[in-house]
Amino acid sequence: MDSSQLNRRALLGLGTRGAAATIGASALAAPLLLSHQATAKDEHQHETPTQADEHTAHGQSMTMGEVDLDRLGWHPDELLTDFDYGEVTETRPDGTVVREWNIVAFDREIEIAPGLFFPAWTYNGRVPGPTLRANEGDLLRIHFTNAGSHPHTMHFHGIHSAFHDGVTGIGRGEIAIGDQHTYEFTAKPFGLHLYHCHASPLKRHIHKGLYGTFIVNPDPKKRGDLAKKRHPDFEESKEWQEFVMVMNAFDTTFDAANEVYAINSIAFQHMKHPIVVDKTRPIRIYLVNVVEFDLINSFHLHANFFDYYDSGTTLEPTLRTVDIISQMQAQRGILEMSFAEHEAGLYMFHAHVTEFTELGWMAAFDVRDSVV
Ligand SMILES: [Cu+2]
C-alpha cells in the first residue's frame with residue numbers, strides 16, 4: 001500500500017467518525033494526523049531529509065504525502081504572494097484610476113489535505129479567492145458572474161453604497177445562477193479588508209469557500225511618509241517581504257464543526273514547506289480570519305515579537321511588541337516583524353488554540369541569511 005492509499009483510508013476514517021456524532025474536532029485528530037515520524041522509515045527512506053523533516057522528527061504530527069498541485073490549480077507559495085491589481089482601464093483627468101476585475105463563482109472540489117477533498121464553492125476556482133489590491137481612491141469595478149449552483153454575492157468590507165453591498169434582499173441583492181453584476185465603489189478606507197458571499201444561509205456560503213482578501217494601499221499624498229512602505233509605487237515598500245494568510249477551516253462532515261484548519265486552505269502546507277524569507281528584509285503579513293463555527297482564532301509567532309495594525313487602517317501600530325494576537329471571524333490585521341538579529345533557522349507560527357494547530361493550522365518561516 002503506498003502512502004496515498006494509506007492516507008486516503010485514514011481520511012475516510014475521519015469522515016465516518018465525524019458524521020457519526022457531534023464530537024469535538026480534537027477527537028478527530030488521531031486518524032487525520034498520522035505521524036510523519038512513524039512513516040518516515042518505510043515511506044520516505046529514500047528522501048533527503050529537509051529542515052522540516054528534522055523538525056517533525058522532534059514530535060510534530062502532520063499529514064502524510066502531498067496535495068496534487070497540478071489538480072489543485074494553484075501553488076500555495078504563489079497564493080501567499082499573489083496580489084491582483086486587476087486591470088487599469090482608465091485614468092481620468094482628475095487623476096482617478098479606474099481598476100477592474102472579472103470574478104466568477106463556480107463549484108469546484110479542492111484538496112485540503114493529501115487525499116482529502118472538499119466540495120468547495122469558489123471565486124475564480126480558488127479558496128481563498130484572489131487577493132484584490134488597489135490604491136486608496138481608485139474607482140473599482142468588479143464584474144461578478146455567478147456560474148455556481150446557488151445564488152451568490154460579493155459583499156465587500158469597505159465603504160460603498162447599499163446598492164453594491166452584496167447582501168440578500170438589499171440593493172442589487174443575490175445574483176441568480178447565470179446572472180451577473182458589476183460592483184462599483186471607491187477604494188476606501190485604506191487598510192486590510194475582505195470580501196465574501198453574503199447570500200443566505202450565510203454560514204454555509206462562507207465556509208464553503210467564498211471569501212478573499214481586499215487590500216487598499218494608503219495614499220502617501222494624503223497620509224504622509226509612513227504610508228510609503230505600504231504602497232508599491234514608492235521605494236520604501238521594496239524591501240518588504242509581503243504575504244497574505246487567510247486563516248480558514250473546513251467542515252468536511254457538515255456537522256457545523258471543523259475538521260481541518262489551515263492558512264490558505266491546505267493543512268500543514270507551510271509546516272512541511274516552510275516559507276523562505278531573507279532575514280535582512282522585514283516581513284509584513286496580511287492576516288485575515290474567516291473560520292466559521294469557532295468564535296476565535298489566533299496567530300502566535302515563535303522566538304520573536306511583532307507590531308500589529310488592527311484592520312490595517314492606521315499607520316501607527318495598534319499593538320506593539322506582541323507575540324500573539326486573536327481575531328474573531330472577519331477580523332483582520334497587518335503584522336510586521338524582522339528576523340534581522342536572529343540566526344538563520346526555522347521559526348514556527350500557528351494558532352495558539354492547540355486543537356486548530358493539531359488539525360492543520362501550523363506553519364514556519366525558513367529564515368535564511370540571504371535569499372537569491
Ligand atoms: Cu454564496
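1. Two residues are in contact if their C-beta atoms, placed from the backbone, lie within 7 Å. By that rule, methionine 247 touches Ile263, Leu287, Val288, Asn289, Val290, Val291, Asn297 and Trp361, leaving aside residues up to four places away in sequence.

2. The model is a predicted one, in which local features need pLDDT of at least 70 and side-chain atom pairs count only at pLDDT 80 or more, while totals for chains, interfaces and linings use all residues. Residues are numbered from 1 along each chain as its sequence is written.

3. The chain as a whole. Its secondary structure comes to 10 helices and 21 strands; helices (H or I, at least four residues) and strands (E, at least two) are DSSP runs, numbered from the N terminus. Of the 372 residues, 42% count as buried. Buried means that 20 or more other C-beta atoms lie within 10 Å of the residue's own, exposed means 12 or fewer, and partly exposed is in between, with C-beta atoms placed from the backbone. Among contacts in the chain with a separation of 6 or more, 70% are between residues 24 or more positions apart.

4. Two strands pair if DSSP finds at least two bridges between them.

5. Strand β11 (residues 241–250) is mostly covered, since 8 of its 10 residues are buried. With strand β14 (residues 283–289), β11 runs parallel and is joined by 7 bridges; the partner of phenylalanine 243 in β14 is isoleucine 285. With β12, β11 pairs in the antiparallel sense over 4 bridges, and the partner of alanine 249 there is tyrosine 261.

6. At the other end of the strand order, β16 (residues 306–310) and β17 run antiparallel and are joined by 2 bridges. Phenylalanine 306 has valine 322 of β17 as its bridge partner.

7. A nonpolar core is a set of buried Ala, Val, Leu, Ile, Met, Phe, Trp, Tyr and Cys residues joined through C-beta atoms within 7 Å. The largest one has 81 residues, of which Ile112, Met247, Val260, Tyr261 and Ala267 touch the most other members. Strand β11 gives the most to this core, with 7 residues.
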